[in-house]
Amino acid sequence: MRNLLFGLLVLLLGSCWPSSFSFKDKGGMPEEWKTFSLKTLEIEAATCPLNFAPLLSEKMKDGVQNNTPLLLNTTFGNGEVNIDGKITQYSVQPLAIQGNDNASQNRLTMTVQMNISIKKPKEEQWTLTSTRFADFNAGTNLSEVENKLFEDISVQMVQDLINKLLSNW
């Protein structure tokens with residue numbers, strides 16, 4: 001009886017054993033993906049500072065290179081993954097309206113719409129729309145905090161792109 005139980009235990013545990021394992025995280029990316037290219041973002045939002053599109057593009061390139069196994073291909077369209085897009089919204093809205101109809105906080109909102117073209121293992125087209133915001137004191141002039149707010153928002157947008165590439169959800 002003991003031998004039968006031992007045999008069943010070995011059989012059950014043996015069927016649960018992984019066929020292979022590795023300490024290298026492959027994430028959700030196909031092995032065929034080696035390189036990516038990213039075209040400098042365009043600006044469609046009328047109030048967006050002109051230097052934000054190239055800055056955000058460079059942050060995205062750095063983020064993908066530093067957080068995924070993909071290498072940058074400097075010629076757009078020659079990667080297995082090719083990304084282009086545009087800044088479609090850049091606006092400030094008042095928040096936390098007080099009794100005298102004045103806002104105590106303002107919110108800077110930025111939206112980027114990206115098209116992701118996949119060449120391998122099969123051709124696919126994805127879209128990613130990332131809308132992020134940062135709040136600031138209404139008594140502060142936007143120009144005084146705009147670069148800091150942009151930094152905060154761009155970190156989140158870069159993470160959205162990385163999440164899309166790693167998981168395609």
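I began with the cut-off that I would need throughout: a residue counts as exposed when its relative accessible area is over 50%, and as buried when that area is under 20%. The model I was looking at is a predicted one, and I kept that in mind for every entry below.

**Entry on Ala46**

I looked up Ala46 and found it in the loop between strand S2 (42–43) and helix H2 (52–67). Its relative accessibility is 81%, and because exposed means over 50%, Ala46 counts as exposed. I then checked how Ala46 stands to Thr88, which is 42 residues away along the chain, and noted that the two C-alpha atoms are separated by 8.7 Å.

**Entry on the chain as a whole**

I counted three helices and six strands in the protein chain, and reading from the N terminus I wrote their order down as α-β-β-α-β-β-β-β-α. Of the 169 residues in the protein chain, 33% are buried. The accessible surface comes to about 10,700 Å², and I noted that carbon and sulfur atoms account for 54% of this surface. I also looked at contacts between residues at least 6 apart in sequence, where 67% join residues at least 24 apart.

**Entry on helices H2 and H3**

I asked myself at what angle H2 and H3 pack. For H2 and helix H3 (residues 142–167) I noted an angle of about 45 degrees, with the axes 9 Å apart, and this makes H2 oblique to H3. The crossing of the two helices, H2 and H3, is right-handed. On the H2 side the contact is made by Phe52, Leu55, Leu56, Lys59, Met60, Gly63, Val64 and Asn67, while the residues that H3 brings to it include Phe150, Met157, Val158, Leu161, Ile162 and Leu165, together with Glu146 and Glu151.

I followed this with Val155, which is also found in helix H3. Val155 has a relative accessibility of 55% and therefore counts as exposed. Its C-alpha atom is separated by 8.8 Å from that of Met60, a residue 95 places away along the chain, and I recalled that Met60 is among the H2 residues that make the contact with H3.

**Entry on strand S4**

A polar atom of the Asn82 side chain lies 2.9 Å from the backbone oxygen of Gly79. Leaving out residues up to four places away in sequence, I listed the residues that Asn82 touches as Ser37, Phe76, Gly77, Asn115, Ile116, Ser117 and Lys119.

I went on to Ser91, which is found in strand S4 as well. With a relative accessible area of 19%, Ser91 is buried, since the cut-off for that word is under 20%. The side chains of Ser91 and Gln93 are joined by a polar contact of 2.6 Å. Apart from neighbours within four places in sequence, Ser91 is in contact with Arg107, Leu108 and Thr109.

**Entry on the Lys120–Pro121 bond**

Which kind of peptide bond joins Lys120 and Pro121? I found a cis bond there, with omega at about -5 degrees. I wrote this down with care because most peptide bonds are trans. Pro121 itself is found in the loop between strand S5 (103–118) and strand S6 (124–137).

Conventions:
Residues are numbered from 1 along each chain as its sequence is written. This is a predicted model: local features need pLDDT of at least 70, side-chain atom pairs count only at pLDDT 80 or more; totals for chains, interfaces and linings use all residues. Side-chain values use heavy atoms; hydrogens and water are left out. Helices (H or I, at least four residues) and strands (E, at least two) are DSSP runs, numbered from the N terminus. Buried means under 20% relative accessible area, exposed over 50%, partly exposed in between (1.4 Å probe, protein chains only). Contact means heavy atoms within 4.5 Å. Accessible areas come from the Shrake-Rupley method with a 1.4 Å probe; for residues, only the protein chains shown count as cover. A polar contact is a pair of N or O atoms within 3.5 Å; within protein, one must be able to donate a hydrogen and the other to accept it, and residues adjacent in sequence count only if both atoms are side-chain atoms. Axes are lines fitted to C-alpha atoms, for helices over the stretch in contact, and angles run from 0 to 180 degrees between N-to-C directions. Angles under 35 degrees count as roughly parallel, over 145 as roughly antiparallel, 65 to 115 as roughly perpendicular and the rest as oblique. A crossing is left-handed if the near helix is turned anticlockwise from the far one by less than a right angle, and right-handed if clockwise.
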